[in-house]
Amino acid sequence: MQNAKAGESQDEFLPFSKPCLLKEDIDAVTEVLQSGWITTGRKCQELEDIFRTTVGCKHAVALTSATAGMHLAVQALEIGTGDEVITPSMTWVSTANMIVTSGAKPVFVDVDRDTLTTTAEQIEPLITERTKLIVPVHFAGASVNLDPILELGKHHNIPVIEDAAHALGTYYKNRHVGKRGTSIFSLHPIKNITTGEGGIFCTNDDNLAERIRRLKFHGLAVDAFDRKSQGRSPQAEVQEPGFKYNMPDLNAVLGLGQMRRLSQINEQRARIAALYQEHLRDIDGIVPLGVPPHTSLHSWHLFIVRIMPEITGLCRDDFMESLKNKGIGTGIHFKAIHKQRYYRKVFPGLNHLGNTEWNSERICSLPLFPDMSDQDTDRVINAIRETLKQKVSIV
Ligand SMILES: Cc1ncc(COP(=O)(O)O)c(C=O)c1O
């Protein structure tokens, strides 16, 4: 795949992520700019249609971010003061923030040490009469073992919303993530496809879909764009106070071409991940995440390794610094939420989460994006080998 800005030199900084955009994607944005209609409209609906088909769900609602999707979900389920939501601490802060800002309490669940996915066995003991929602996270492109979690939710009559921010193109037991329940995808620039910023709320629940549509646009009884009136009804009235989270066409159109190329994009990612796995096999102390056995297709959103200080003599932060000095970008996905300042202060008695904390100190995401060449992958591996030889700092 040839990026719109091709031909970068080998000496340039290799970022840890880069969107995979072609000239035709940029032309499509220009067309929308010239069309006279740049906010929510036909392009947004096309993006929702292509998501419905790809995911195989009944409804898809395009939003300004996955965080907006989580905010609306919490609002639509009327979660507030005194309620609890179970979600991993090993995730992006947005979920916990949306829980806390609606007045509820996040109850953090630990994850599997090798895959960073959470399990029904870990969730079950945390359920109380105050639990109003369970949010498992499909992590880095691998799926959680969803069946037992859905069973658990059904058994206790607690809704499950899958955080599918990393899971566009991920299949669980041969079905696309999100096909069977309610899920939220992110279209942030580091995700497998991007609309600049954006999120898609997918569900098979007619009532929930209707409420999300209403809440995303001021709580009016109409969508931001009506197919029949080619706009929105000026007579619409507020049914309940809502928000302003509708995705503009300007963003939606950027996602359309990428969605059509999704399998190609993810094949490239898988190819790079396979190269990493092969090279890292004989490097001691740099251990990639495991792939859960139930995942039938991994979308390789991230390639995460654990830096073992006991073996390498290096802590993760020094490892990242060394790679940066060698022109290689890296990331951390994620720092345990319950260890972050606000959460430490406001919820001092939070559970010890052994696997989350162990990984939180060791994980590092290596560069992974479709336009990476084999030479780029070699550069990363060589930089890792050199770093280990130099042992910049001893822990
Ligand atoms: C696991 C996870 N959930 C939710 C989000 C929020 O996505 P967005 O940036 O689209 O709001 C992210 C973003 O990085 C994420 O990684």
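The chain is divided into domain 1 (23-260) and domain 2 (262-390), with bounds that come from an automatic or database domain assignment. This is a predicted model, in which local features need pLDDT of at least 70 and side-chain atom pairs count only at pLDDT 80 or more, while totals for chains, interfaces and linings use all residues. Residues are numbered from 1 along each chain as its sequence is written, and side-chain values use heavy atoms, with hydrogens and water left out.

The centres of domain 1 and domain 2, taken over C-alpha atoms, are separated by 26 Å. Domain 1 gives 46 residues to the contact and domain 2 gives 40 residues, where contact means heavy atoms within 4.5 Å. The area buried between domain 1 and domain 2 is about 3,600 Å², and carbon and sulfur atoms give 60% of that; buried area is the accessible area (1.4 Å probe) that two parts lose on being put together, summed over both. On the side of domain 1, the residues that lose the most area to domain 2 are Phe108, Arg113 and Asn192, which together make up 19% of what that side buries.

Between the two domains there are 33 residue pairs in polar contact, both residues being at pLDDT 80 or more. A polar contact is a pair of N or O atoms within 3.5 Å; within protein, one must be able to donate a hydrogen and the other to accept it, and residues adjacent in sequence count only if both atoms are side-chain atoms.

### Salt bridges

Side chains of opposite charge can pair when their charged atoms come close. With a salt bridge defined as a side-chain nitrogen of Lys or Arg within 4 Å of a carboxyl oxygen of Asp or Glu, the count comes to 23 salt bridges. Aspartate 147 forms one with lysine 173, their closest N and O atoms being 2.8 Å apart. Because aspartate 147 lies in helix α6 (residues 146-156) and lysine 173 in the loop between β6 and β7 (175-176), the pair ties together parts that are 26 residues apart in sequence. Helices (H or I, at least four residues) and strands (E, at least two) are DSSP runs, numbered from the N terminus.

### Around the ligand

The ligand is surrounded by 15 residues, the closest being Thr67, Asp163, His166, Ser186 and Lys191, where a residue counts if one of its heavy atoms lies within 4 Å of the molecule.

| Residue | Ligand atom | Distance |
|---|---|---|
| Threonine 67 | oxygen | 2.4 Å |
| Aspartate 163 | nitrogen | 2.7 Å |
| Histidine 166 | oxygen | 2.8 Å |
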